[in-house]
Amino acid sequence: MSRLVLISNRVSIDRSAKNKGSEGGLAVALNAALRRLGGLWFGWSGEVSDDSSMNMHTATADNVTYATVDLQQADYDEYYFGYANRTLWPLVHYRLDLVDFHRRYSAGYFRVNSLLCSQLLPLLQPDDIIWVHDFHLIPMGGQLRQAGCGQQIGFFLHTPWPAVEIFRALPQHDVIVRALFAYDLVGFQTERDLGAFVSYITHEIGGRVDPDGTAHAFGATTKIGAFPIGVDTENVAQYSEVEGKSRMTRRLMDSLGGRDMIIGVDRLDYSKGLIQRMAAYEHLLENYPDNRGRVVFMQISPPSREDVPEYINLRHELETAAGHINGAYAEFDWVPTRYLNKGFRRETLTGFFRASRVGLVTPLRDGMNLVAKEYVAAQDPDDPGVLVLSRFAGAAIQMTAAVIVNPYDIEATGEALQTALHMPLDERKERWSEMFDDLSRDDVLSWTNNFISVLTDNGDGSQ
Ligand code: F6P
């Protein structure tokens, strides 16, 4: 049996207390999959050091070897802060107004990929299956090939792939796309992202895509496909049963005093639509006054990418928005909004999800959004809460039984909250069981097996 090697910028190990809860869906999902399958997980340690030897750290736990390396300050600045977070991230989330491109960022991006590649090479075995993740590491496949790697190498993009008109705003966009053609398989979250990529290949490059998903361009071929990522549904459901009765969840429920809770859990990121979400909640309180004193909105937003100016601004804006609502509507015995600028353990969150009447997941653009899936997986089957979900999250394509909203339409989102809060039990159960069945079938393990089986082309997921 071949060994699975995952490569991603973030590796879910040794997270400091400061970062707890801010790691995003990628790390959580990959951890769940790799712990079940075993293998090697390689990436950045999250640390910046002065040492040019990159300091490799290794650890083994639950069948998984974790190997991480430090970055130097200039590498961090150009590769992670710069090209990943200020160029590619806003670009793929349709925020051309925030894209900050510099040649030194792009040079740093390729340089750090190459440095990571050279650290990884000695760890590889000839029959490994190599799976590279996300926008930070697009050039890695080609660099591994150049170094002589003949293993099967796949790539999965966790973010959206934007429309052609957006993507071609990136200087040297074709260099990035060409790099994808070094992989044997390139996976996207949804058919929507896949379609945008196909459109780029055919319209911008003059390439073609065969009906079986083989893409031809730049004199090369690669397989492409949509592989919507799942969560560890069974695990989340089991945790939520236990955590739903935990001391913390009981404290939360006591503090609510019988009021209904709306919950939002997102990294503090402008793609998550947090400001619009606050406005929608305010619309609910303003236009449906029966909710005043009866509903509490708890938004949990751990800090993320704290040195990027847009994230600093967002933090101030969100504090202002939450403070504004509380200032306008709070009573001596009721505070409408609880805004928590910190993370919680994933397990704890399952209890909080179960205690909430509504899960509010309204990104302006999101590759998948695994909070939406975890919220549903964590519900009590006898009294499930309602998911209010943005149509611009990849998850909305699968989770059609959610209350789907356009997060730019503040009034309609406020009205959707009113619908969700007053939804009869029968309808809640019906919507929930449809989504839960899908999540149980399409969980993170089936996602992994599916991707690997297409990568290795053996059709049955065996390695
Ligand atoms: O899910 C997208 C993603 O960029 C992941 O690649 C990343 O691990 C997560 O968001 C959190 O972001 P960061 O690693 O920059 O803290």
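Which residue in β9 is the bridge partner of Val209? The partner is Ala215, and the sheet around this bridge is described below.

## Basis of the model

This is a predicted model, in which local features need pLDDT of at least 70 and side-chain atom pairs count only at pLDDT 80 or more, whereas totals for chains, interfaces and linings use all residues. Residues are numbered from 1 along each chain as its sequence is written, and side-chain values use heavy atoms, with hydrogens and water left out.

## Overall dimensions and burial

The C-alpha trace of the protein spans about 65 × 45 × 45 Å along its principal axes. A compact globule of 463 residues would have a radius of gyration near 23 Å, and the value of 22 Å for the protein therefore agrees; the radius is taken over C-alpha atoms, and the globule rule is 2.2 Å times the number of residues to the power 0.38.

Of the 463 residues, 57% count as buried, meaning under 20% relative accessible area with a 1.4 Å probe and protein chains only. The accessible surface comes to about 18,200 Å², of which 48% belongs to carbon and sulfur atoms; areas come from the Shrake-Rupley method with a 1.4 Å probe.

## Contacts and charge

Among contacts (heavy atoms within 4.5 Å) between residues at least 6 apart in sequence, 76% join residues at least 24 apart.

The protein has 43 positive and 60 negative side chains, and the centres of the two sets lie 3 Å apart. Lys and Arg count as positive and Asp and Glu as negative, while His and the chain ends are not counted. Each charge is placed at NZ of Lys, CZ of Arg, CG of Asp or CD of Glu.

## Secondary structure and the open sheet

The protein contains 17 helices and 16 strands. These are DSSP runs numbered from the N terminus, with helices (H or I) of at least four residues and strands (E) of at least two.

Ten strands form an open sheet with mixed pairing, in the order β3-β4-β2-β1-β5-β6-β7-β10-β9-β8. Its edge strands, β3 (56-61) and β8 (208-209), each pair on one side only; two strands pair if DSSP finds at least two bridges between them.

Strand β7 (residues 185-188) pairs with β10 (residues 220-226) in the parallel sense over four bridges, and Leu185 has Lys223 of β10 as its bridge partner.

The pairing of β10 with β9 is antiparallel, over four bridges, and Ala217 is bridged to Ala220 in β10. Two residues lie between the strands of this hairpin, in which Phe218 takes a positive phi near 55 degrees. Strand β9 (residues 214-217) also pairs with β8 in the antiparallel sense, over two bridges.

How values were computed: Buried < 20%, exposed > 50% of the residue type's maximum accessible area, 1.4 Å probe, protein only.
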